[in-house]
Amino acid sequence: MRLSQILFVTLRDDPADAEIPSHKLLLRAGYIRRIGSGIYAYLPLMWRVLQKVSQIVRAEMNATGAQECLLPQLQPSELWQESGRWDTYTKAEGIMFSLIDRRQQKLGLGPTHEEVITTIARDMIRSYRQLPLHLYQIQTKFRDEIRPRFGLMRGREFIMKDGYSFHVDQVSLKATYQDMYQAYSNMLRRCGLAFRAVEADSGAIGGSGSTEFMVLAEAGEDEVLYTEDGKYAANVEKAISLPIDAELSPFTSYEKQETPGTETIEKVCGFLRCSPTQVVKNVIYQTVYDNGLTVLVLVSIRGDQEVNEVKLQNELTKLAGNYGAKTIISLSVPDGETQEKWASKSLPLGYIAPDLADEYINGHKQLHSQFLRLVDQTAVDLKNFVTGANQTGYHVVGANWGEQFKLPNAKVDVRKARPGDRAIHDPSQTLQTARGIEVGHIFQLGTKYSQAMGATYTNEQGEEHPLFMGCYGVGVSRLAQSAVEQSYDENGIIWPVAIAPYHAIVTIPNIKDAQQVEVAEKLYTQLNQAGVETLLDDRDERAGVKFKDADLIGIPYRIVTGRAIANGKVEVVKRATRESQEIAIEEVVNTLQQWITADSR
């Protein structure tokens, strides 16, 4: 393609609304154009990148025996109500665009397609002989992000590959799950990306287990914790670890002490000259279940630890049935204004004990009258600990479970793992940290959706059983931008060869020089005929402008028909390394083919 004929406009300065390097560069280099909040047009160069990513994804999926299809973007609300997720996605998370058509029917724009695919399976799968079955699609998804940002990383409209598998049992599901683990690893390697597969929380999708595929980059929104031996890696939301050992308590007897102005762990430890590992701190959370009931949660945890709210939400979801509910609408630490709505009297904030009285709750119909009391495992074994006295300005020391305080029945792991913690699988290994961009996520859904929606199969004995399901997603447009976030320099994008919009660009420094034009035209034709996808910069611009644009758009190899043609050579520059060398004109095609083959492995 000739650059003079492409819709190609570059920007000198960073756009004001772009926050991270990849977003700035894709806008400046003319790959994308903002149309609205979280909505972008994919311009010709970007579309070529997306097609290449899609083709790699498609090839790896097809190699596993998965079948490509295309599912509707408009989805009837009834399907989501069957699965129990309509309120979660339209009210709790508010992530689904919902609308009412002219017949007053509720519809949603698909953020994901579990309900649609389960409906198809319910209608079409009858026998074990049809299983396992794996269907996938590549299409646009819609999510009403509360704060769209970072360009294609967190937009409201994006391209995604999502696949769904159906099985007779967990054994078959796990086999396909492992196939997808390998296929996703292959995809990312073929795209030329450094990545890490990590244990993950299943979130609103649900299921018994899941793995995220993280492209490593400093601008990543996710924190990954891993061990150097390569045997453990997890998203911080899911990560587990061994905390540092608690220090021995300096207190040997129970006593209530005045501790003025010590409403934080740091202050009380300074005042009492004790370690935060010997403090039980008590944090109030407010959760609203999908039946409208509000439950106040009192979490007791070791003073040097923080609550992982994702883990806490998962624990509270498990307990939803105890309150006549299915799931959680919201979870938060209630602020002063919120506390006033349910607190019968002023709370001793900063001095709360594990036995804070239920009488603090001013009960009403939609508010549970008792605290749900949870204790994190880090606090369970503490002896002679320090905690609040339920009186402002006072703490108790030398306290023990089973003596001064009743140990809550619900013992949970809700602590946030962090760098420096010891690994569960090998305490000699400590957790390291890295930033990552989630580009893929695979789930073992089990029978969550098939049971809710009545999708069954008949086994060899003629018995009816729910289908076991897997779900596998990769963000095509997010992956493309993450490649830029991982590889760029002060001059622009550095595309991996496998997904670059073009392999090479032939630059004519002076289009008024007939010999330069002739050599450039010849190489442009020969390279394209040889399968080397090549741009020709035939614009009437200064050479410096052309070189800067070539660097900005990140084409892997630049061929310059400059002064060296007098010696029968051209200059070839590798974008990734800035390495420049002169190559005989007749050897250019063969050389580029060899480089591309080597760099695409």
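## Basis of the model

The model is predicted, so local features need pLDDT of at least 70 and side-chain atom pairs count only at pLDDT 80 or more, while totals for chains, interfaces and linings use all residues. Residues are numbered from 1 along each chain as its sequence is written, and side-chain values use heavy atoms, with hydrogens and water left out.

Two packed helices are described by the angle between their axes and the distance between the axes. Axes are lines fitted to C-alpha atoms, for helices over the stretch in contact, and angles run from 0 to 180 degrees between N-to-C directions. Helices (H or I, at least four residues) and strands (E, at least two) are DSSP runs, numbered from the N terminus.

Helix α2 (residues 44-63) and helix α6 (residues 170-190) have axes that come within 9 Å and cross at roughly 150 degrees. The two are therefore roughly antiparallel to each other; angles under 35 degrees count as roughly parallel, over 145 as roughly antiparallel, 65 to 115 as roughly perpendicular and the rest as oblique. The crossing of α2 and α6 is right-handed, a term used if the near helix is turned clockwise from the far one by less than a right angle. On the α2 side, the contact (heavy atoms within 4.5 Å) is made by Ile56, Val57, Ala59, Glu60 and Met61. On the α6 side are Met180, Ala183, Tyr184, Asn186, Met187 and Arg190. By class, the contact of α2 with α6 holds eight nonpolar, one polar and two charged residues. Here Ala, Val, Leu, Ile, Met, Phe, Trp, Tyr, Cys and Pro count as nonpolar, Asp, Glu, Lys and Arg as charged, and the others, Gly among them, as polar.

## Two further helix pairs

The axes of α1 (residues 21-28) and α12 (residues 476-486) come within 8 Å and cross at roughly 105 degrees. That makes α1 roughly perpendicular to α12. From α1, Pro21, Ser22, His23, Leu25 and Leu26 meet Gln481, Val484 and Glu485 of α12. This contact has four nonpolar, three polar and one charged residue.

For α13 (residues 514-529) and α15 (residues 588-599), the axes come within 10 Å and cross at roughly 45 degrees. These helices are therefore oblique to each other, and their crossing is right-handed. Leu523, Gln526 and Leu527 of α13 meet Val588, Val589 and Leu592 of α15. Five residues of the contact of α13 with α15 are nonpolar, one is polar and none is charged.

## Cavities

The whole structure has two cavities of 30 Å³ or more. A cavity is a set of points, on a 1 Å grid over the protein atoms alone, where a 1.4 Å probe fits but cannot get out, and lining residues have an atom within 4 Å of a point. Grid points are joined across faces, edges and corners, and a volume is the space filled by probe spheres set on the points.

The largest cavity has a volume of about 70 Å³. Its lining includes Ile20, Phe150, Glu221 and Arg478. Strand β21 (residues 432-446) gives the most to this lining, with three residues. By class, the lining of the largest cavity has five nonpolar, two polar and four charged residues. The second largest cavity holds about 50 Å³ of space. Among its lining residues are Ile505, Asp551, Tyr557 and Arg575. Six residues of this lining are nonpolar, none is polar and three are charged.

## Backbone features

Most residues other than glycine have a negative phi, and most peptide bonds are trans. The peptide bond from leucine 131 to proline 132 is cis, with omega near -5 degrees. Proline 132 lies in the loop between α5 (114-124) and β7 (133-142).

Arginine 273 has a positive phi, near 55 degrees. This arginine is in the loop between α7 (265-272) and β14 (280-289).

Key
On a 1 Å grid over the protein atoms alone, a cavity is a set of points where a 1.4 Å probe fits but cannot get out, and a pocket is an open set with protein on both sides within 12 Å along at least five of seven lines; lining residues have an atom within 4 Å of a point.
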